[in-house]
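Please study the sequence and the model before reading each solution.

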Amino acid sequence: AWVLALVFLAAALPRLWRFEAVGEGTDEAYSITATRAILDGRFSYRDFDDFAVDAYQAKFCPVAEAVAAPFVAGLGDRPLAFRLPAFLASLALGALLVRFTARRFGATAAWATAAFWALDYRGVVYAQTHRYVALEQLLAFLLFLAVDRADRRRSAGSALVVVVTGLLLFHTHLLAVLTLGALGLGSLVDAWKARGRPRRPPTSLASFAYLIVHTVLVLALFRVVGLQRFFASEGGLEAVKRAVLSTVRMVAGQGVVAAPLGILGALALLRLGGRTNRALAFAALVPLVAFAVGSLRLGLAPRYVLTAQPFLFV
């Protein structure tokens, strides 16, 4: 226990270093504005097109901003209050990763996971930023755990937890739909493998059926309102060139060491089989593949697939 405490201390120190002195970036400014609007009672969905070109995120996905609101109300309008939820989410994610990996793969794997998580520079940056990434990663791993639990228990309550966690994840960032799709694919594969056997399909399958309908409706609305800014106007060759560069940046954004090892590990888990192994592998690989394919048409940034990073760590 004391060794684990030292690991978390080592991870917390860089995340706390100059915590309030870090400059407020453009994206963080949008989240701060949205949180202030929530506290002032000005946050509204009456008009879906009443936001600036780049402020769509907090409009459709205000979970991170809403979570920060009580912190700001209690601690005052200061960087500490806005950023504290991201810091706590980062530490909570580390605890879940270490606990799961130790139980599933043993102490050595848990230490490796702890090291990747503690030293990940993007994790440090987003633990100091009032933005969706830290909370999105935590919710993505919580959804994975909820799916695994639902498929073992097969109860209505555990299915409801999957739905609630999935909705929170999706409304933290729209492109978390990649992780939703990956875990839903895992449930579909399990249901297919269980066909003809005296065993019910995975409980999470019905949960994902609802989540998919919800996400399709929201994404359709989002397409009308804000997605146009993503679409590129270059010709085919330029689109391919941009897709290659974007994919390289995406993989590098997952961590120069963690990404290749994580991809190899996910492929190995797929070969080993098993429900939990498949879910981990899909959660790591599907968002990365979807990002690479989507880059042919959309201008995407590596942070959009950081939702897959916890699974690469494991």
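A helix here is a DSSP run (H or I) of at least four residues, and helices are numbered from the N terminus. The model is predicted.

**Exercise 1.** Determine which helices each supply at least two residues of the lining of the largest pocket.

*Solution.* 
Step 1. The largest pocket has a volume of about 380 Å³. Among its 15 lining residues, R99, L145, D148, R149 and R152 are the closest to the centre.
Step 2. The helices that each supply at least two lining residues are α5 (79-105), α8 (133-153) and α9 (156-170).
Step 3. With 7 residues, α8 gives the most to this lining.
Step 4. By class, the lining of the largest pocket holds 6 nonpolar, 2 polar and 7 charged residues.

**Exercise 2.** Describe the second largest cavity and state which residues line it.

*Solution.* 
Step 1. The volume of the second largest cavity is about 60 Å³.
Step 2. Its lining includes F144, D148, L183, D190, R275 and A279.
Step 3. Two or more lining residues come from each of α8, α10 (177-193) and α14 (275-294).
Step 4. This lining has 4 nonpolar, 3 polar and 4 charged residues.

**Exercise 3.** Decide whether L261 is buried, partly exposed or exposed.

*Solution.* 
Step 1. L261 lies in helix α13 (residues 258-272).
Step 2. The relative accessible area of L261 is 49%. Buried means under 20% and exposed means over 50%, with partly exposed in between.
Step 3. L261 is therefore partly exposed.
Step 4. Together with V256, V257, L264, L267 and L270, L261 makes a nonpolar surface patch of about 580 Å².

Note on methods:
Residues numbered from 1 in each chain as written. Predicted model: local features only at pLDDT ≥ 70, side-chain atom pairs only at ≥ 80, totals over all residues. Heavy atoms only, no water. Patch = residues over 30% accessible without salt bridge, like charges linked within 9 Å, V, L, I, M, F, W, Y side chains within 5 Å. Areas by Shrake-Rupley, 256 points an atom, 1.4 Å probe, with all protein chains shown as cover. Salt bridge = Lys/Arg side-chain N within 4 Å of Asp/Glu carboxyl O. Buried < 20%, exposed > 50% of the residue type's maximum accessible area, 1.4 Å probe, protein only. 1 Å grid on protein atoms, 1.4 Å probe; cavity = no way out; pocket = protein on both sides within 12 Å on 5 of 7 lines; lining within 4 Å. Points joined across faces, edges and corners; volume = space filled by probe spheres on them. Nonpolar A, V, L, I, M, F, W, Y, C, P; charged D, E, K, R; others polar.
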